[in-house]
Structure formats: structure tokens, C-alpha cells
Amino acid sequence: MTAACCAVLCVSLQGQENDKVAMEDTLGNVSVQGVLRGRDFVSTAPKYTVQAESTARLGITDIGSALHRLPGVTLRDYGGAGGLKTVSVRGFGAQHTAVVYDGVALSDCQTGQTDVSRYSLGDVSELSLVVGDNEDIFLPARNAAAAASLYINTGRLPSADNRAHVAAQLRAGSWGYANPFLRLERNVSEKLGFSLAGDYVCAENNYPYTIMNAEHEVKDRRNHNRMNAGHAEASLVCRPAAGQLLSLKAYYYDNSRQLPGMVHYYVNESREHLRDQNAFTQLSWRGRLTERLRMAATAKFNYAMADYEDPAYPNHVKDHQYWQREAYATASLLYTPAASWAVDYSADYAFNNLSGSDVSTYRDPLRHTVLQSLTAKYAAGRLTAMARLLHSLCLNGASRGDKAEDTRHLSPSLSLNWRLLAGEKLYARVSYKDIFRSPSFNELYYEHYGSTSLKPERTNQLNLGLTWQRDYGRLSSVTLTADGYWNNVKDKIIAVPYNMFIWTNINLGRVKTIGADATVSITQHLGGRHTLAVNGNYTMQRVRNDTEGDTHRGKQIAYTPEHSGGLSAAWENPWVNVSANAIFATSRWANNEHYPTTMLKGYSDCGMTVYRTIRCGKGALDLRLDLKNIFNTQYEIVRFYPMPGRSWQMAIKYHI
């Protein structure tokens, strides 16, 4: 879709880096072929990007399938369009992955993790995974306060193009899936633009599945799995003066879904229901104060509600509602004393509280968080270096009962990138990051589960990598990346049974990871209008329990395969473009103890996509058909939650 203007947070557009260290005030034009963005290979820390233009050639239909194309990612998927999807990177756990939406990190103080299935792929212009520190230093301190960050970007800047740009899409597929999407963008002038976007998703999700009961094959169909979800957002972007940008965004999401529950032999019944609501509004500004000093600031208020019902329990004893509120503010100063130097200071404040309808379950906890980061970056010749100190302060409270201890931590990080040969795009990179995670409110306060004596999880990560790119003419290129890494998590929070019915969280665990990621992106122009694009990723990770005295020490942690990866190949031509894709993962365990009956078999999932764009007057019509899991592989990513078998999905999109 032609970019006109969009919802953009100021901090998400706090400049794109040039070849040195300062930020530019406008976005540059980048031609992207494949899964890796043009400059990912020169980043000081591993960064992997998927552009909206490459989703068809990669066979990507939603955020979850996009994440399968990124190395080092373990996605927990509970199946179907409405299934919960959380992201763990390099064995850290989903709570250590920050999800950054248009420049501002999302938060869930109750669980500490984000369900990425709620975000629409139709509104995403770019999806990036950064492991360690982002090379862009002009950002909020919270964006640097996680082991890994997933950036979901939708934004575009105002331009001289003052035509109205509309994108309307209808996506439909197997098992009652329907997803209409609409977006309107308009630049009122070169200084002012707005956008409106919204989508709706509904699905029955009653897909068939097969499981084995000893020697017997059991065939059934998923039930009680209907979902209805929608989201809408409005944005206003303004350039009040040269070198300044002001943006306002309002966002609303609502999801009402049935929860199908586990499938265990002949048991496939559930009456649970969950409704999620999320709304936020945010105002951002950035500007140039002097020739060498720039400033950015953002204020945000976020509200979330979860309403859980289980009619199977008498007197509705398991029906609960939870309300989260967050007030957040951040400010950053970027100083560039010389062409090769830049220094950033960022300070964030957040207030979170949580309340529940059942006062016996929660104690209405609250938390004040203050984050401060000081970052220096040097780039000259063939060397780029970045160092950061992040100070985290968490002040906890509760309306009654014991409260968790206050915590503070100083986190250093360092990353380097060196161009090995002056005439070759061959780079070596090394990065180190120390970070910690405060326990979520569930881990601290939930009745019969939480413990207020928990310590934060502390992580250390070290990465060594090589990247190489070579262009062959204007349309042909090869990009390779290879990274080896070592991670260590101390005071790992794990749940242990107190008795058959009561579990509690304790700091008992240590987890060590040794792994390697590799990616390849090849684009070959074949002559005429024919292009072949091949993209692949591979991950090896040994994520072991390293707890002293634990009888299960040395075993792979739950739901983490030792080997995983994906491959896609696309042939783009004047007639109908065709792509084939596949992902795979080796066997995993459903728990950390590796009981014989808890091993999940490895799997592979193959798909195919055909697509074409047809010019229609001033606009264009995109036609696309996806065949998913074409070999009807029966597998589980989460135990007792079977994934869908063979299915189809089609999309028609008109944009002008």
C-alpha cells in the first residue's frame, strides 16, 4: 500500500540512523528483498526483520507464522485463530520478551507476557526481532529493559502526497474464519496527516484432529472454540515546525472467545469463556532543541480488562474479573558532540495497579517503576561500538497483606560491530547484556500460587556473530548471518507443588543456554520479470536446567526444541507468483522433569502460496491463496492442544 501518513508514536520514529550515529528526521527509502531488512546485517546485536511486502513470498498469514520465520524464537501456540500465542527468545521465557508497538513497549503486569495473536498483520508495515540492545539509542529506557524485543511497526510519516489512500482487505478461510480489514490514510498537508484503521476477526475454529490412545486412533473435532475479536485505532501526525514531530494515537481491542480446554484421549469438553479488552491513548513529541541536542517525550495511559467465566463450577465460584491500569511517561535526550559520537539519556516512570472481583484471590497490588538509561555510541571507519547502563527501580505495594520487596538493579551492556574487510560487506559482532525481570503480579500475589518473597530473575547473555552480504547487480543479492550465544538465567522462578491442589512460586532455578542461529536470504533476478527468492533460518539451542542439587539437572527445559527452523522459496513472474514454505521442530518435553509420557514428537508443517497483483485504475488489487499444512500433519506445540491440519485461506485486497 502506498504510504501516505500514519499512526506513529514519536519514539517509534525518533529517527532512523545514518551511516554514523545521529538520527535523521525523515525515513529513507529502502528496497527490501526477503526476510532480512537491508541493514540488519550491520547491527551490533542480532536483528531480524520481516517487511509487509515479503509476507506473501514467505507464506506468512498472521503474526504467529511470521515469528516462525525468525531464528531463536520458541512460539507457544494453543491452536486456531484465537489460540494464545506467546514468544520466548533463546530460552529466556515469554516474560523476558518485550513487545514494542509503534515504539512504545506494551505491558501486562498480571502475567508479564503479551499475547501476540491480538495484533493484526494487515496493519503491520514491519516486524523486527532484536536480541540484546537495539542499535538505535534514541529510545525509551523501557525498550532496553528486556533480553529481547519484538517491534511491531505500523507507522508512516506525512509527505507531500495529499491524496486519500485506502486499503480494504477481506481474508477468509477454513472453519468459519473471516477477517475484514480497512485502513484510511490522508495527508491534509505536508505537515499534517491522519489515519484510521480497524479489523474484525471471527472463526468457529472447529477443526478436526487425530490423537493416539495407546494402539487406537481417535478422531474428533475441536469444539467450544469460537472467537469474535476486533480492533480500531486512530492516529494524528503533525510536523509543527522543522525538525519537530507530534503524534497522537488512540487504540481499542475487544476479544470474546470460548476456551476449548485440553484434549486428553476421549475428553474434549469445556465451557470456559474469556473476554479481553484493551484500550490506550498516547501522545508523543520529538524535536531538535539545538544543532546537537534533540529531545523526545511520550505520555500514555493503558487500560486492560479480563473477564473469565467457567459455568461448569457451581455458584460461579471460578468466575473472575481483573482490571489493569497503567500510567506511563518517558523522556529522552540525544546529544551528538561529534559526527562519530552520540550520547542518550532516557528516563521512564510507570505506575501499574491490578484489581480483581474476588478479593480473596488478589490484594490489589501496585507498582511504581523508574527506569533510567545512559547510552553512548561510537561509529567511525569500520567500527561501531555501543555501551549502556540501565538502572531499574521497582517499588511494590498492596492494599492489604504482605507486599513484595522493593527491587533495584544496575544493568550494563556492550556491543561491537567490526567490518573485517574494507572492500567486502563482512562483519563480526559481539554483544553482552545483563538484565533482570521483576516477578509479575500473578507470581507474587495470586492465591495458592504467588509468593511475595520472590527475587527478580537475573539474566546474562553473550553473543558472537558473523554477517555477510554481497549484491550482484541491482536485483540480485545474498545475505548470510551466523550467531553463537551463551545465556545464563539466575534465580529462575519456577512453580512447585505444595500439595495436590496448591502450587507456589520459588526462586530455585538456574537455566543455561548454548545455541546458534543462522539465516540465509538469496534473491536472484532471472531475467525479464522473473525473480527467485530463497529465505531460510535454523536454530540449535540447548537450554538446560542448571540448578544445584536438582535431580533433573542437565535436562532441556519444557517446550524448547533443540533444533528448529524454516525455509521458503518464491518464484515471482509476470503470470502468477508461487511460493512454498516449511517449518520444523524436533521433539520437546511438556515439563522440566522429562517423564516418559510427556515427550512431544517433532513435526514439520509445509504450505504453499499463490499470489498476484493486478493494476485497477489508480489502485491495485492483490489476490492471494494460502494452502496451510498441506500434508495434514497432526502435531501439538503445547501438550493436549492439537494444531489445525490441512486448511486454506484466501485474501482479496484493494489499495489506492
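I count two strands as paired if DSSP finds at least two bridges between them. Helices (H or I, at least four residues) and strands (E, at least two) are DSSP runs, numbered from the N terminus.

**Ground rules**

I am working on a predicted model, where local features need pLDDT of at least 70, side-chain atom pairs count only at pLDDT 80 or more, and totals for chains, interfaces and linings use all residues. Residues are numbered from 1 along each chain as its sequence is written, and side-chain values use heavy atoms, with hydrogens and water left out.

I then checked strand 6 against strand 9 (residues 148-153). They run parallel and are joined by five bridges. Y101 has I152 of strand 9 as its bridge partner. A note for reading such strands: in a regular strand the side chains alternate between the two faces of the sheet.

How many residues make the hairpin link between strand 23 and strand 24? The hairpin goes through five residues. Strand 23 (residues 407-419) and strand 24 run antiparallel, with seven bridges between them. Within that pairing, R419 has Y427 of strand 24 as its bridge partner.

Strand 24 also runs antiparallel to strand 25 (residues 457-472), and 13 bridges join these two. Here R437 stands opposite E457 of strand 25.

**Entry: cavities**

Rolling a probe the size of a water molecule over the atoms shows where empty space is left. A cavity here is a set of points, on a 1 Å grid over the protein atoms alone, where a 1.4 Å probe fits but cannot get out; lining residues have an atom within 4 Å of a point. Grid points are joined across faces, edges and corners, and a volume is the space filled by probe spheres set on the points.

The search gave nine cavities of 30 Å³ or more. The largest cavity holds about 650 Å³ of space. It is lined by 31 residues, and Q95, S107, R142, A145 and R437 are the closest to its centre. R437 is the residue I had already noted opposite E457. Elements giving two or more residues to this lining are strand 6 (97-101), strand 20 (341-356), strand 21 (365-380), strand 22 (383-398) and strand 24 (425-437).

For the lining make-up I count Ala, Val, Leu, Ile, Met, Phe, Trp, Tyr, Cys and Pro as nonpolar, Asp, Glu, Lys and Arg as charged, and the others, Gly among them, as polar. The largest cavity has 14 nonpolar, twelve polar and five charged lining residues.

The second largest cavity has a volume of about 230 Å³. Of its 20 lining residues, H68, V73, T74, S564 and Y603 lie nearest the centre. Strand 4 (73-77), strand 28 (530-545), strand 29 (563-572) and strand 30 (577-585) each supply at least two residues of this lining. The lining splits into twelve nonpolar, seven polar and one charged.

**Entry: cysteines**

How many disulfides does the whole structure hold? I found zero disulfides, taking one as a pair of cysteine sulfur atoms within 2.5 Å. For C394, the nearest cysteine sulfur is that of C109, 12 Å away.

C394 is buried at 6%. C238 is partly exposed at 21%.

**Entry: positive phi**

Buried or partly exposed: which is R90, and which is H224? R90 is buried, with a relative accessible area of 1%. H224 is partly exposed at 22%.

R90 is not a glycine, yet its phi is positive, about 55 degrees. R90 lies in the loop between strand 5 (85-89) and strand 6. H224, also a residue other than glycine, has a positive phi near 50 degrees. H224 sits in the loop between strand 14 (216-221) and strand 15 (227-238).

**Entry: G64**

G64 is in helix 2 (residues 63-67). It is buried, with a relative accessible area of 5%. Leaving out residues up to four places away in sequence, G64 touches L75 and K85, where contact means heavy atoms within 4.5 Å.

Key: 1 Å grid on protein atoms, 1.4 Å probe; cavity = no way out; pocket = protein on both sides within 12 Å on 5 of 7 lines; lining within 4 Å. Buried < 20%, exposed > 50% of the residue type's maximum accessible area, 1.4 Å probe, protein only.
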